[in-house]
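Subject: Structure handover

Hello,

Here is the structure I promised to pass on. Please open it alongside this note; my findings follow below.

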Amino acid sequence: MIGDYEIASKEIVNMANEIIERYHSDLKDEKIAYVIRYSTWTKNGKQVFGTAKKCSDKEKLLTGYSFIITLSNLVLNMPTDTIKAIIDHELSHCGVIRDEYGKVTRRYIIAHDLEDFAHIIRRYGLYSDDAKHFMEQTKQISFFDDDKNLMKFLDNKFKDGNNDMPA
């Protein structure tokens, strides 16, 4: 361990490699570091469970890594499916563009599909293309049957002025 960080276990790396193999084939040739952070980790008053960072050219030269996935030590005590979801989420931030020959021309961090507040969706419905697209994707997993159920969920989850969205 160095400071508040240590290299993630082989189990975490193996989980990540399985997720890459299944869902992120564009990352299979990328060297990704996985580290665990042990200090208190919050952003805007909310617990952070993970981050993805693209290594600078200098960091890549020194370490050989293209990306660094940092996970909170709290993740280690979560159910396996939750750990996988968090790792998959962080890997989803890692973007790679290749030329017609397969050579990497650019690495970058991908933003979230939906950047909004629950209370705005609750007040105005699915007003943006991003929100509509996100809803269509959630319908595919049968999480919400329709927009009315989404509004009901949001009303119950974030009532009484609580505007905290889960991270």
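Contact here means heavy atoms within 4.5 Å. Keep in mind that this is a predicted model.

Leave aside its neighbours within four places in sequence, and V104 is in contact with E30, V96, I97 and R98. D29 is also worth a look. It sits 75 residues from V104 along the chain, yet the two C-alpha atoms are separated by 9.8 Å.

Salt bridges

How many salt bridges does the structure hold? There are 3.

Two of them share E30. The side chain of R98 meets that of E30 at 3.7 Å, N to O. R98 belongs to strand β7, while E30 is in the loop between α1 and β2, so this pair ties together parts that are 68 residues apart in sequence. R107 also forms a salt bridge with E30, and here the closest N and O atoms are 2.5 Å apart. R107 lies in strand β8 and E30 in the loop between α1 and β2, so this second link joins parts 77 residues apart in sequence. Together, E30, R98 and R107 are linked in a network of salt bridges.

Is E30 buried or exposed? E30 is buried, with a relative accessible area of 10%; the cut-off for buried is under 20%. The two arginines are another matter. R98 is partly exposed at 31%. R107 also counts as partly exposed, at 23% relative accessibility.

The remaining pair is K53 with E59. Their closest N and O atoms are 2.7 Å apart. K53 is partly exposed, with a relative accessible area of 37%. E59 is partly exposed too, at 27%.

The sheet

Now the strands. An open sheet of 4 strands runs in the order β1-β2-β6-β5, and its pairing is mixed. Its edge strands are β1 (5–7) and β5 (50–54), each of which pairs on one side only. From one strand to the next, the twist averages 25°.

β1 and β2 (residues 32–37) run antiparallel, joined by 3 bridges. For one of the residues involved, Y5, the bridge partner in β2 is R37.

Helix α3

Which helix packs on the sheet? It is α3, residues 80–92, which touches β2, β5 and β6 (67–72). The direction of α3 makes about 150° with that of β6.

A quick geometry check on this helix comes out well. At 1.5 Å a residue, the 13 residues of α3 should span 18 Å. The end C-alpha atoms are 18 Å apart, which agrees.

Which residues of α3 are buried? They are I83, I86, I87, E90 and L91. Seen down the axis of α3, these buried residues fall within an arc of 135°, so they line one face of the helix. What covers them includes α1 (10–23), β2, β5, β6 and β7 (94–98).

Where to look

If you have time for two views only, take these. One is E30 with R98 and R107, the salt-bridge network. The other is the buried face of α3, with I83, I86, I87, E90 and L91.

Best wishes

Methods. Residues numbered from 1 in each chain as written. Predicted model: local features only at pLDDT ≥ 70, side-chain atom pairs only at ≥ 80, totals over all residues. Heavy atoms only, no water. Pairing = 2+ DSSP bridges. Helix = DSSP H or I, 4+ residues; strand = E, 2+ residues; numbered from the N terminus. Axes fitted to C-alpha atoms, helices over the stretch in contact; angles between N-to-C directions. Expected span 1.5 Å × (residues − 1). Buried < 20%, exposed > 50% of the residue type's maximum accessible area, 1.4 Å probe, protein only. Arc of directions from axis to C-beta. Salt bridge = Lys/Arg side-chain N within 4 Å of Asp/Glu carboxyl O.
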